[in-house]
Amino acid sequence: MTTTTTTNPTTTTTEPRPALVTLALEGGDLACLACGVAVHGPHAPGAVVTLAATGRDGVPTPAALVESGMPARLQTEEVTRCPSCEKLRMQALAVVAAHPAVAHRIGSRDIALHRVECALDALDALASLGHRTLGLDALTRSGKDVRLLLAYLTSAGGAARWAARFAPIMARNATTGTAALTAWGHVDDEHAATLRDAYAGLLRARVAVPRPTAPPALTADHSAPAPRGCLFCGVGAVLAMPGDHNAWHPVTATTSALGGRPSPEPVRGWLCSPCDAAVEQVGGALGPTAMERALLDHLGVGRTLSATDLVGLVAWCVVRRPAGSQPTPNATPWAHLGSLAHLVDELRHG
Ligand SMILES: [Zn+2]
Ligand SMILES: [Zn+2]
């Protein structure tokens, strides 16, 4: 078996980065998995983490290992946490404990703890680079604060850790049995820039306000233009935070199920969040029941419908229009149905 290397990453690096200065570990010393400094032993068994590299950056995995299907475990390296980074981990624990909803959303307390710790590592690394940041209290006051912190800093912090030089792929310049000369001294220009950009993004997101946001211009698979409103209610914009990719939900439906004329061509486009929630409530089928649910939720009419209540309900995307004309989105949900006040009256008293 031959392995072909088509690109050599070293040739794409234009600016030389400062040489990494490390020290060789002695005796039972281990490197801190976050900031990289040497930590003197002995270490409590629970404090030692074993990193396993499945390869080295730029070095093809031996063909025999690829063929055997076994993950290559080329090198392991034991690391621990220095007192300062252990303190950060304790702070991360406190953040997770103070905001149980954050771990609940992530689905695992351990993963939440890891993400918060990486974000705090990012702040620590930024401080070591001389970058001033907001205090931890300000950055973790509410659940939303914590979610933004994780969204912007976790991956940059994780990538900047000493441990990231060893697992899952060993960096070209990583040598086992070494430590960083100073805390975060191993952070190169590239990671430093990533950390700064991530923090700038966090600051922007923290002051961002929701803005009217139209559905994506294309269908989810980018193959065709999407209708410019919610397929159900026709609303042309919803309030969403900049960069929020969950404001619109991709769907495919048949025209007849939406109250339109039967067509072999399905309608593909986007639902606003309230309409999407209605679809979920009724079990996921895109049809009259889901549309009724969405309309009733919008009208604030809590009653359950009988089968005949809203016969003939038509989704915005299948309203009949003159041939060739582009459907105009509704300024308010369901405006294509005409007077909703009248409908509310009927539903309440009818
Ligand atoms: Zn450390
Ligand atoms: Zn809608």
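Predicted model: local features only at pLDDT ≥ 70, side-chain atom pairs only at ≥ 80, totals over all residues.
Colleague: Where is His222 found, and what is its phi?

Modeller: First the general idea: most residues other than glycine have a negative phi. His222 has a positive phi, near 60 degrees. His222 is found in the loop between strand S7 (211–213) and strand S8 (238–240).

Colleague: Trp184 also has a positive phi in a residue other than glycine. Is Trp184 buried or exposed?

Modeller: Trp184 has 24 C-beta neighbours inside 10 Å, so Trp184 counts as buried. Its phi is near 65 degrees, and its place is in the loop between S6 and H7.

Colleague: How should I read the peptide bonds, and which residues does a cis bond join?

Modeller: Most peptide bonds are trans. Here a cis bond joins Gly41 and Pro42, with omega about 0 degrees. Pro42 is in the loop between strand S3 (38–39) and strand S4 (49–53). The bond from Ala167 to Pro168 is also cis, with omega near 0 degrees, and Pro168 lies in the loop between H6 and strand S6 (178–180).

Colleague: What does the chain contain as a whole?

Modeller: The chain has ten helices and ten strands. Of its 350 residues, 31% count as buried. Among contacts with a separation of 6 or more, 70% are between residues 24 or more positions apart.

Colleague: How do I check the length of a helix, and what does H6 give?

Modeller: Compare the expected span with the distance between the end C-alpha atoms. Helix H6 (residues 143–160) has 18 residues, so at 1.5 Å a residue it should span 26 Å; its end C-alpha atoms are 25 Å apart, which agrees. For H4, with 20 residues, the reach from first C-alpha to last is 28 Å, close to the 28 Å expected.

Colleague: Which residues of H6 are buried, and what do they pack against?

Modeller: An α-helix has 3.6 residues a turn, so residues three or four places apart point the same way. The buried residues of H6 include Val146, Leu149, Leu150, Leu153, Ala156, Gly157 and Ala160. The buried residues of H6 pack against helices H2 (83–98), H3 (100–106), H4 (109–128), H5 (136–139) and H7 (189–207).

Colleague: How do H2 and H4 cross?

Modeller: Their axes come within 8 Å and cross at roughly 130 degrees. That makes H2 oblique to H4. The crossing is right-handed. Residues of H2 including Leu88, Ala92 and Val95 are on one side of the contact, and residues of H4 including Leu113, Val116 and Leu120 are on the other.

Colleague: What lies between H2 and H3, and which residues does His99 touch?

Modeller: His99 is in the loop between H2 and H3. It has 21 C-beta neighbours inside 10 Å, so His99 counts as buried. Leaving out residues up to four places away in sequence, His99 touches Gly143 and Val146. The C-alpha atoms of His99 and Arg147 are separated by 9.9 Å, although these residues are 48 apart along the chain.

Note on methods
Residues numbered from 1 in each chain as written. Chains lettered and ligands numbered in written order. Helix = DSSP H or I, 4+ residues; strand = E, 2+ residues; numbered from the N terminus. Expected span 1.5 Å × (residues − 1). Buried ≥ 20, exposed ≤ 12 C-beta atoms within 10 Å, placed from the backbone. Contact = placed C-beta atoms within 7 Å. Axes fitted to C-alpha atoms, helices over the stretch in contact; angles between N-to-C directions. Parallel < 35°, antiparallel > 145°, perpendicular 65-115°, else oblique. Left-handed = near helix turned anticlockwise from the far one by under 90°.
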